[in-house]
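Welcome, and please take a moment to look over the model below.

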Amino acid sequence: MAYSPDYLQWQLGSGDGSHPTNPIRAELATEMLVEELGDAVSVIDPATADMKHVRAAIESIHDLDYVSAVIDDGVSDEWMRNKTWMGQTAATMFAGTQMLVEGMIKGAFTVGFNPQGAKHHAHFSHSSGFCVFNDMAWAAVEFHNAGLKPLYLDWDIHAGDGVQHLLEGTSIPTLSIHNHSIYPGDPETINRELSRAGKNHSAHDEERHIYNWGINNGAGDEVLLGLLNGEIEEVVKRYKPDVILLAAGADGHGGTSNLGSSNNYTYEGFTQAAKKVAEWANTYSQGRVLIGGAGGYQPLDHTPRIWANVVETIYTETVQKRSAQEAK
């Protein structure tokens, strides 16, 4: 997995620690995984990466002027005033995903997790929704260029709009399950279609490999798991991906968070969802799954616990299970 103490500098907004994306969630999830999986966890520090190499990757997916404004000048709508260390931290978080992708392509490991990854709202030339550099869109293209068949799945309750738009024109499928009545308000992802509020609905464009499922406020495990075991599984079966990219947002968890509560996924629901992803990975992708934390606004407890549960489940159901089978 990828983690750096530098992640703790990711203080958006005023920078006083009150922002919903409190990066302590990444530290706590890392500690849980190290404690519970022991030697099975190898933690890569992205702060050690060659930043020229990292920047080249970022520039391959984003506008050059935008990248320069963020990294060189420390300018972003996600924080107040010029803060060069914030731009550098954005690059470090991207580097975490980059290092995992490069390791997976080399065959060093099959499951990778970046708790501060899956910045899925970032667009070509602007930040959006607390996301600055779109690591998952870059990762999908990089896997594709390496000869693999990536598939992107997003169960954050906010649509993966940035990834969808950056991957349009490629053959890489983007699948997003999200609350249709909240941010980001993008008609391409059936967000903010308030005239259809109260009714689960979908909007797909198979020619562009785009799939969106909009679910209601308050929808819980039965809807999430129903889609994963039904319509989404049918898409996965058709594509037969060589690697699965998962934006494992924990913000669908029920209960009060500092962004409010919109859906009611439970710990068990997330675990069952992770088992389904692991099943597909074993069937189609030789166990390869890249996981990014995406959203989660209960940073001191539920968010890191859910992330750790999802990663542990996918690891156990792929790496450990496959190792046991090979040993027979």
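A cavity is a set of grid points where a 1.4 Å probe fits but cannot get out, whereas a pocket is an open set. With that in mind, how many cavities of 30 Å³ or more does the structure hold? In this predicted model, the count is 1.

The largest cavity contains about 50 Å³ of space. Around it you will find W10, A90, M93, F94, Q116, K119, V132, F133 and D135. Helix α4 is the element that gives the most to this lining, with 3 residues. Sorted by class, the cavity lining has 6 nonpolar residues, 1 polar residue and 2 charged ones.

Now turn to the open spaces. The largest pocket has a volume of about 360 Å³. A total of 27 residues line this pocket, and F130, H158, D251, L259 and Y297 are the closest to its centre. Its lining divides into 10 nonpolar, 13 polar and 4 charged residues.

The second largest pocket holds about 280 Å³ of space. Here 16 residues form the lining, with M1, A40, V41, S42 and V111 nearest the centre. Three named elements each give two or more residues to the lining of this pocket: α1 (24-37), β1 (111-114) and α10 (302-327). What classes of residue line the second largest pocket? There are 13 nonpolar and 3 polar residues, and no charged ones.

Next come the helices and how they pack. Two packed helices are described by the angle between their axes and the distance between the axes. Return to α4, the helix that gave 3 residues to the cavity lining. Helix α4 spans residues 84-106 and helix α5 spans residues 135-145; their axes come within 10 Å and cross at roughly 20°. Angles under 35 degrees count as roughly parallel, and α4 and α5 are therefore roughly parallel to each other. Their crossing is right-handed. On the α4 side, the contact is made by F94, T97, Q98, V101, M104 and I105, while α5 brings D135, W138, A139, E142 and F143. By class, these contact residues are 7 nonpolar, 2 polar and 2 charged.

From α8, the residues in contact are I232, E233, V236 and K237, and from α9 they are K276, E279, W280 and Y284. This contact divides into 4 nonpolar and 4 charged residues, with no polar ones.

Finally, look at the backbone. Most residues other than glycine have a negative phi, and most peptide bonds are trans. Where does R81 lie? R81 is in the loop between α3 (64-71) and α4, and its phi is positive, about 65°, although R81 is not a glycine. The other detail is the bond joining Y183 and P184, a cis peptide bond with an omega of about 20°. P184 can be found in the loop between β3 (174-179) and β4 (201-205).

How values were computed. Residues are numbered from 1 along each chain as its sequence is written. This is a predicted model: local features need pLDDT of at least 70, side-chain atom pairs count only at pLDDT 80 or more; totals for chains, interfaces and linings use all residues. Side-chain values use heavy atoms; hydrogens and water are left out. Axes are lines fitted to C-alpha atoms, for helices over the stretch in contact, and angles run from 0 to 180 degrees between N-to-C directions. Helices (H or I, at least four residues) and strands (E, at least two) are DSSP runs, numbered from the N terminus. Angles under 35 degrees count as roughly parallel, over 145 as roughly antiparallel, 65 to 115 as roughly perpendicular and the rest as oblique. A crossing is left-handed if the near helix is turned anticlockwise from the far one by less than a right angle, and right-handed if clockwise. Contact means heavy atoms within 4.5 Å. Ala, Val, Leu, Ile, Met, Phe, Trp, Tyr, Cys and Pro count as nonpolar, Asp, Glu, Lys and Arg as charged, and the others, Gly among them, as polar. On a 1 Å grid over the protein atoms alone, a cavity is a set of points where a 1.4 Å probe fits but cannot get out, and a pocket is an open set with protein on both sides within 12 Å along at least five of seven lines; lining residues have an atom within 4 Å of a point. Grid points are joined across faces, edges and corners, and a volume is the space filled by probe spheres set on the points.
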